[in-house]
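Good morning, and thank you for coming.

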Amino acid sequence: QVQLVESGGGLVQAGGSLSLSCSASGIIFSLNTMGWYRQAPGKQRELVATITGGGNTNYADSVKGRFTISRDNAKHTVYLQMNSLKPEDTAVYYCNAWRYRNNYWGQGTQVTVSS
């Protein structure tokens, strides 16, 4: 059974930082592209960042230079370091694992940035 468990969300003031973690089980972690997505109220889920098993990264333009995605294949964990947070970063953040036609999601963790 595949499980993706996010942690680290919370409430922070604008300009602050938060770090999210996602621990994966039930998949061959190193072969999966891992990603973070977010969904704000009334909006569609959107890509935040992805990282391949080899460490290649991709970011949404809105978070470039502020967010950093990383992974530890030995710990089966992917991270999202979020700096210089803005109120518009407020959303539920979801961890994603993807390989071929297999696509898995975590339950999400709330990030709220106050102005």
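Predicted model: local features only at pLDDT ≥ 70, side-chain atom pairs only at ≥ 80, totals over all residues.

Let us begin with the sheet: four strands form an open sheet in the order E1-E3-E8-E7, with antiparallel pairing. The edge strands are E1 and E7 (67-72), each of which pairs on one side only. Neighbouring strands of this sheet are turned by 15° against each other on average, with direction ignored.

Residues are numbered from 1 along each chain as its sequence is written, and side-chain values use heavy atoms, with hydrogens and water left out.

Some terms also need their definitions. Strands (E, at least two residues) and helices (H or I, at least four) are DSSP runs, numbered from the N terminus. Two strands pair if DSSP finds at least two bridges between them. For the angle just quoted, axes are lines fitted to C-alpha atoms, for helices over the stretch in contact, and angles run from 0 to 180 degrees between N-to-C directions.

Strand E1 (residues 3-7) is joined to E3 by five bridges, and Val5 has Ser23 as its bridge partner in E3. On to E8 (residues 77-82): six bridges join this strand to E3, and the two run antiparallel. Here Ser23 has Thr77 as its bridge partner in E8. Finally, E7 and E8 pair over six bridges in the antiparallel sense, with Tyr79 of E8 as the bridge partner of Ser70.

Cys22 leads us to the last topic. A disulfide is a pair of cysteine sulfur atoms within 2.5 Å, and the count by this rule comes to one. Cys22 and Cys95 form it, with their sulfur atoms 2.1 Å apart. The pair links distant parts of the chain, Cys22 in strand E3 and Cys95 in strand E9 (residues 91-99), 73 residues apart. The link of Cys22 and Cys95 is left-handed, with -80° about the S-S bond. Cys22 is buried, because its relative accessible area is 0%; Cys95 is buried, with a relative accessible area of 0%.

Key. Buried < 20%, exposed > 50% of the residue type's maximum accessible area, 1.4 Å probe, protein only.
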